[in-house]
Amino acid sequence: MTQIDRDQVLEILSKIELPDGTSLVQSPILSGLSVRGDHVGFAMDADQSEAFRSNPGSLASARAAAQSVLEADARISKATVVLTGGVAPDQVPTAAASPIAPPQPEPPKNNIKAIVAVGSGKGGVGKSTVAVNLAIAMAQLGKHVGLLDADVYGPSVQHLLKLSGEPEADGKMVQPMTASGIKAMTMGLLVDQSTPMIWRGPMVGSAILQLLNDVAWGSLDVLVVDMPPGTGDAQLTLAQRTPLAGAVIVSTPQDLALIDARKGIAMFEKVNVPILGLVENMSMFICPDCGSEHHIFNHGGAADAAAELSIPFLGALPLDMDIRTSSDAGAPIAAKLGSAQSTKFMEIAGQVLDQLEKSDALPPPRLVMA
Ligand code: ADP
């Protein structure tokens, strides 16, 4: 079958009229259009138009019409149209100080027992590396695990797991990809990274909820969510709107990184998401030539910070060439059973699972009598 292109999608969408009589394709609310094989996605961002900013709900039927007119086309198997905006970034409600009730997490349609966020106060500390390896290590401990890459600013799971091709759609659900024993889906596969799109909080929250609900995750013990780095409104609304069982925070050991990690912890606590623990990444470098240990980014700071904040310290990962090269090769080190690094990731994964069992998010392991 011939593939649809961007211009043909715009032509289909030109039939959609907005409540103020303007055409959707001519309106600035059409944002981040992505056409990937038979998948089409875009956001209708109410904030981009004075007419709809104060009343984004008036766009609901235009959104539904856009989605059905696209899905009625034989060349399109799945259309993801997200309605976002209507709340200025500086007005995003916080649990602590807002006269407006924060949005309540919606239960996912899939059977997912526990959703765990992996967050960091800032980028570049190894959050995605830890998220991917942690998910694989949990799968090796016998759990059914999914990984949702919500890092809209730099989705990297595609690269880290060497995912290729287009996700397949089955009815109205998108099939997750599978790699290294886990299911995975990333915003990188759905949204065109080359299209300028400013992700504000409500947009990230809506898009992720759609991924939670429209991806056929099936039955999962744990869904690991690789969060966008930082503690801005995008991260906050995502933490508020996703029914999270807990959060793992990744930090490097230097003081400056830990200041950001503390902000990350405070953000999750503000919206009542339990902190499952802190991981110190790039903790020490062991010289491959002489075996001596070097603390390039300082050492032990995360353990001290965890003790001070009364949260569990989950473990320290070395700054290690194999962790980096295996990530670049799309074959995360946790999948290499028996390696020192995969053992470390399994220890951390075991602790996270323990925390989830303690908090009743996961049932305790069944005892099998011999
Ligand atoms: P973030 O998600 O926090 O931005 P990434 O996981 O993308 O960070 O990691 C940034 C870079 O650091 C990547 O090249 C990754 O391979 C590398 N990296 C992460 N953790 C380690 C580690 N423990 N040892 C060596 N390299 C690492």
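**Helices, sheet and a buried glutamate**

Modeller: This is a predicted model. Helix α1 (residues 6-13) packs against helix α3 (residues 60-71) at an angle of about 125°, and the two axes are 10 Å apart.

Biologist: Which residues make the contact?

Modeller: From α1, Val-9, Ile-12 and Leu-13; from α3, Ala-66, Val-69 and Leu-70. In this contact of α1 with α3, six residues are nonpolar, none is polar and none is charged.

Biologist: Staying with α3, where does Glu-71 lie, and is Glu-71 buried or exposed?

Modeller: Glu-71 lies in helix α3. Its relative accessibility is 17%. Buried means under 20%, so Glu-71 counts as buried.

Biologist: What is Glu-71 in contact with?

Modeller: Apart from neighbours within four places in sequence, Glu-71 is in contact with Ile-76, Ser-77, Lys-78, Ala-79 and Lys-172.

Biologist: Changing topic. What order do the strands of the open sheet come in?

Modeller: The sheet has eight strands, in the order β8-β9-β5-β10-β4-β11-β12-β15, and the pairing is mixed. The edges are β8 and β15 (313-316); each has a single partner strand, so one side of each has no neighbour in the sheet. From one strand to the next, the twist averages 25°.

Biologist: Start at the β8 end. How do β8 and β9 pair?

Modeller: Strand β8 (residues 177-179) pairs with β9 in the antiparallel sense, over three bridges. Met-177 has Ala-184 in β9 as its bridge partner. In the hairpin of these strands, two residues sit between β8 and β9, and Ser-180 takes a positive phi near 45°.

Biologist: How many bridges join β5 to β9?

Modeller: Four bridges join strand β5 (residues 145-149) to β9, and these two run parallel. Gly-146 stands opposite Lys-183 in β9.

Biologist: Why is β9 described as largely enclosed?

Modeller: Strand β9 covers residues 182-186, and four of its five residues are buried, so β9 is largely enclosed by the rest of the structure.

Biologist: And the other end, how do β12 and β15 run?

Modeller: Strand β12 (residues 275-280) and β15 run parallel, joined by three bridges. The partner of Glu-280 in β15 is Ala-316.

Biologist: Which strands does α4 lie across?

Modeller: Helix α4 (residues 127-140) lies across β4 (111-119), β5, β9, β10 (219-226) and β11 (246-251), and runs at about 165° to β10. Helix α9 (residues 255-270) packs on the sheet too, touching β4, β11 and β12, and its direction makes about 170° with that of β11.

Biologist: How many residues of α8 are buried?

Modeller: Eight of the nine residues of helix α8 (residues 233-241), so the helix is largely enclosed by the rest of the structure. The buried residues include Gln-235, Thr-237, Gln-240 and Arg-241.

Biologist: Last one, what are the totals for the protein?

Modeller: The secondary structure comes to twelve helices and 15 strands. Of the 370 residues, 54% count as buried. Among contacts between residues at least 6 apart in sequence, 74% join residues at least 24 apart.

Note on methods
Residues are numbered from 1 along each chain as its sequence is written. This is a predicted model: local features need pLDDT of at least 70, side-chain atom pairs count only at pLDDT 80 or more; totals for chains, interfaces and linings use all residues. Side-chain values use heavy atoms; hydrogens and water are left out. Buried means under 20% relative accessible area, exposed over 50%, partly exposed in between (1.4 Å probe, protein chains only). Two strands pair if DSSP finds at least two bridges between them. Axes are lines fitted to C-alpha atoms, for helices over the stretch in contact, and angles run from 0 to 180 degrees between N-to-C directions. Contact means heavy atoms within 4.5 Å. Ala, Val, Leu, Ile, Met, Phe, Trp, Tyr, Cys and Pro count as nonpolar, Asp, Glu, Lys and Arg as charged, and the others, Gly among them, as polar.
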